[in-house]
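Open your viewer, keep the sequence panel beside it, and follow along one selection at a time.

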Amino acid sequence: MARLAVLASGNGSNFQALAESLGAIEGRPHECVLLVHDRREAYAARRAAGLGIPSRYVPYFGRGAREAETELAEALDQAKADIVALAGFMRILSPGFVKPREGRMVNIHPSLLPKWPGSRAIERAFEAGDSLFGATVHLVDSGVDTGPIIACASFEARPGSALAEIEAMVHAVEREIFPRAVAGLLDAVDGKGRRP
Ligand code: GRF
């Protein structure tokens, strides 16, 4: 069994998709052991409560990122997380936090990277007149949405599609590819653990 921790700031639909997929995929006895949220009112925390997954609020507001990251690291260590998934976590993690976890941290981004890294990705692609949309799963490095890509999926938007429609389709793609990619990482960790 491998242990997943998820970091989220808001809605948490990807967190929920991850947590539910782990329970649903037979023969993959991995566990989502922790949700960390940096906003007190994050809806993701309510989802965690509903799913029976422990959650921890690690605020950034009113103190330095370094202090917040120290607490974040403690929470992940205490939970013995093998893999950390960033699912709408709206903070840039410092190289000091990322480096020791490289290869074990994964992020979902709502664009076809390397196009449109950063915030408001779907909106910016839409405003630029893109017709091809999608989502990307990548390992986290010290840049913003720059790490090695491990999965992506795309679709062609119907001409004249509204932004809201495209957003909904991108989110549906995310909930498809993220659980599969994360399950692959958990399997790999688990496989390593079992090797003599
Ligand atoms: C997703 O679009 C994800 O790609 C981006 O933030 C959004 C989070 O959505 N990084 P949710 O909180 O998982 O519903």
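Which helix gives the most to the lining of the largest pocket? Select α6 (residues 163-194): α6 gives the most, with four residues. Before going further, note that this is a predicted model, in which local features need pLDDT of at least 70 and side-chain atom pairs count only at pLDDT 80 or more, while totals for chains, interfaces and linings use all residues. Residues are numbered from 1 along each chain as its sequence is written, and side-chain values use heavy atoms, with hydrogens and water left out. Helices (H or I, at least four residues) and strands (E, at least two) are DSSP runs, numbered from the N terminus.

**Stop 1: the largest pocket**

Rolling a probe the size of a water molecule over the atoms shows where empty space is left. A pocket here is found on a 1 Å grid over the protein atoms alone, as an open set of points where a 1.4 Å probe fits, with protein on both sides within 12 Å along at least five of seven lines; lining residues have an atom within 4 Å of a point. Grid points are joined across faces, edges and corners, and a volume is the space filled by probe spheres set on the points.

The largest pocket holds about 860 Å³ of space. Now select G88, M90, I108, H109 and P110, which are the closest to its centre of the 37 residues that line it. Next, colour α1 (13-24), β5 (105-109), α5 (121-127) and α6, each of which supplies at least two residues of the lining. By type, the lining divides into 14 nonpolar, 14 polar and nine charged residues. In this count Ala, Val, Leu, Ile, Met, Phe, Trp, Tyr, Cys and Pro are nonpolar, Asp, Glu, Lys and Arg are charged, and the others, Gly among them, are polar.

**Stop 2: the nonpolar cores**

A nonpolar core is a set of buried Ala, Val, Leu, Ile, Met, Phe, Trp, Tyr and Cys residues joined through side-chain atoms within 4.5 Å. Buried means under 20% relative accessible area, exposed over 50%, and partly exposed in between (1.4 Å probe, protein chains only).

Select L4, V6, F15, C32, V106, V137 and F178: of the 36 residues in the largest core, these touch the most other members. Helix α6 provides the largest share of this core, nine residues. A separate core of 22 residues lies apart from it, with V36, A73, A81 and V140 among them.

Zoom in on V137. Setting aside neighbours within four places in sequence, V137 is in contact (heavy atoms within 4.5 Å) with residues including V106, I108, P148, F178 and A181.

**Stop 3: the strands**

Show the strands as a cartoon; two of them pair if DSSP finds at least two bridges between them. Begin with β2 (residues 31-37), which is largely enclosed by the rest of the structure because six of its seven residues are buried. On one side, β1 (residues 3-8) and β2 pair in the parallel sense over six bridges, with E31 as the bridge partner of R3. Strand β2 also pairs with β3 (residues 55-57), again parallel, over three bridges, and here S55 is the partner of L35.

Go back to β1, which four bridges join to β4 in a parallel run; A5 has V84 as its partner. Which way do the residues of β4 point? In β4 (residues 83-86), I83 and A85 point one way and V84 and L86 the other, and all are buried.

**Stop 4**

Most residues other than glycine have a negative phi, and most peptide bonds are trans. Select L113 and P114, whose joining peptide bond is cis, with omega near 15 degrees; P114 sits in the loop between β5 and α5. In that loop you will also find R120, with a positive phi near 50 degrees. Then pick K80, in the loop between α3 (65-78) and β4: its phi is positive too, about 55 degrees.

**Stop 5: two alanines**

Leaving aside neighbours within four places in sequence, A125 is in contact with W116, D130 and F133. Finish on A188 in helix α6, which counts as partly exposed at 41% relative accessibility.
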